[in-house]
Amino acid sequence: MKVTQEKLPASQIGLEIEITPEITKQTYEQVIKNLASTANIPGFRKGKVPRPILLQRLGTTRIKAAALEELIQDGIEQAVKQEAIPAIGQPQLRSSFEDLIKNYEPGKPLTISAAVDVEPEVNLVQYTDLQAKAEEVKYEPERVDATLDKERQELATLIPVEGRAAQIGDIAVVDFKGSFARGEGEDETAELEPIPGAEATDFQVELQEDKFIPGFISGIVGMNPEETREIAAQFPDPYANEDLAGKAATFTVTLKELKEKELPEVNDDFAQEISDFETLEELRASLVEQYQKEADDKTKTNKQEALLTELLNHVEVDLPATMIEQEVDAMLTQTAMRLSQQGLDVRKLFTQDIIPQLRERSRPEAIERIKRSLSLREVGKRESIQVTPEEIATRVTELLEQYPEEQDVDEEKLRSIVENELLTEKIVDWLLEHSSVELVPEGSLNPIEEKEDAESDADADAPQTEEETSEASTEVTEG
């Protein structure tokens, strides 16, 4: 078989495959023989249909098409094997099938054009002396006190309050009903339009401004038990429920009960109740160590990310479509597994209408992940960075001891995963040693994104939809 190769874009190899006259005739005759033994033609027994009748009834085009399908499949497979091409994915036919039928004459040579995806060539223009900036995450000592205070709040005892009005920090039990506020010029006697879902009975809320929409909490402050008050509030804009964003509201609130928190003392007994430590000093030391390590780990991750992002600016690689689609498949599979583990019905989320959109949105990330992986692999190859069997065995043993409850562990697969992770760690560490990453204050590289994230987090603190309002009141009363 004569095969001619040519390089194509997107890491493809084009193949011109010339199939010999003997093969084109042999395949054609074999197809006729097979059809003769299976065709149902009135007046003839199977296998006894004369050749002219068979050709007349079935048509030469149909027989040629059947023979061509075999010639194409076998021809491409043999060509890839003969040329020792490391193909990935399924080969693609470049010739027009209709043209092949027209040109196909049994007993004459036939040329087929095909293409196969192959591993891309990675050209690292530069991978040493890279310059990047990364945000330094510093340990914040106040996090220790914040953690202990949060635990105090969790262990607080609620004491009924008598003889005074509500104040910030209290726990209020209220009935409330929300309506849209009147606009300018509206009839003062007209009944207000209720806000769907903005109603609750025996709703327990901590009097802190971030616990509800602006104006609601401040309106309760100063109320006395059994008092009913009309409170003006404003839904923020933007807001999760777009129908409510920026809308003014009026809440009819009845304060039914008032409580205040009695917090436990922060001492050794407190430490023993919330942890496995005997003393408060040991607990504090453990928290300090934990938060210092978290800060160091985040800083290291930021440095790695900054360096890898810079590395991609110096790589030239033409990715084949097969590799991208395989990575998209892997990403969607991981997402589906994670959602399923969270108890969500993946079949309802990944519908036939949604999947194409998900695939398209996943492509940019898939391309970046592949480029990173190929770039790191190329660095490892050029610098002969390897992982020893002893290093792999040590990490595997650690993991098995760390998760003894895991049953039916595929140790071969685990070893493969561990080897890949260790090799990646080594290559990234090598890159860090041979490049320069300048540490800058946290939040200085993406201040706008950080602000948007903070605003999103703030909006998420308050009940935002009809369902969330109901759930919030249910959770509090059940708690």
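In helix α8 the buried residues (those under 20% relative accessible area, with exposed meaning over 50% and partly exposed in between, for a 1.4 Å probe and protein chains only) are Leu280, Leu283, Leu287, Tyr291, Ala295, Thr299, Ala306, Leu307, Leu308, Glu310, Leu311 and Leu312. The structure is a predicted model, in which local features need pLDDT of at least 70 and side-chain atom pairs count only at pLDDT 80 or more, while totals for chains, interfaces and linings use all residues. Residues are numbered from 1 along each chain as its sequence is written, and side-chain values use heavy atoms, with hydrogens and water left out.

Helix α8 has 33 residues and spans 48 Å from its first C-alpha to its last, close to the 48 Å expected at 1.5 Å a residue, where the expected span is 1.5 Å times one less than the number of residues. An α-helix has 3.6 residues a turn, so residues three or four places apart point the same way. Lysine 303 lies in α8 and, with a relative accessible area of 27%, is partly exposed. Apart from residues up to four places away in sequence, lysine 303 touches Ala134, Leu432, Val437 and Leu439, contact meaning heavy atoms within 4.5 Å. Between lysine 303 and glutamate 368, which are 65 residues apart along the chain, the C-alpha separation is 17 Å.

The loop between α7 (268–274) and α8 (280–312) holds phenylalanine 277, which counts as partly exposed at 30% relative accessibility. When residues up to four places away in sequence are not counted, phenylalanine 277 touches Ala271, Gln272, Glu282, Leu283 and Ser286; of these, Leu283 is among the buried residues of α8. Phenylalanine 277 is 146 residues from leucine 423 in sequence, and their C-alpha atoms are 37 Å apart in space.

Helix α9 (residues 321–341) has 21 residues and reaches 30 Å between its first and last C-alpha, close to the 30 Å expected at 1.5 Å a residue. Its buried residues are Thr322, Met323, Ile324, Glu327, Val328, Met331, Leu332, Ala336 and Leu339, and these pack against strands β3 (87–93) and β4 (110–118) as well as helices α10 (346–349) and α11 (354–382). After α9 comes glycine 343, whose phi is positive, near 90°.

Among the strands, β8 (residues 171–180) contains serine 179, which counts as buried at 11% relative accessibility. Beyond its neighbours within four places in sequence, serine 179 is in contact with Leu192, Glu193, Pro194, Ile195, Ala249 and Thr250.

Over the whole protein chain there are 15 helices and 13 strands, helices being DSSP runs of H or I with at least four residues and strands runs of E with at least two, numbered from the N terminus. The radius of gyration is 35 Å, well over the 23 Å that the globule rule gives for 479 residues, so the chain is more spread out than a compact globule; this radius is taken over C-alpha atoms, and the rule is 2.2 Å times the number of residues to the power 0.38. Along the principal axes, the C-alpha atoms fill a box of roughly 110 × 65 × 45 Å. Of the 479 residues, 33% count as buried, and among contacts between residues at least 6 apart in sequence, 74% join residues at least 24 apart.
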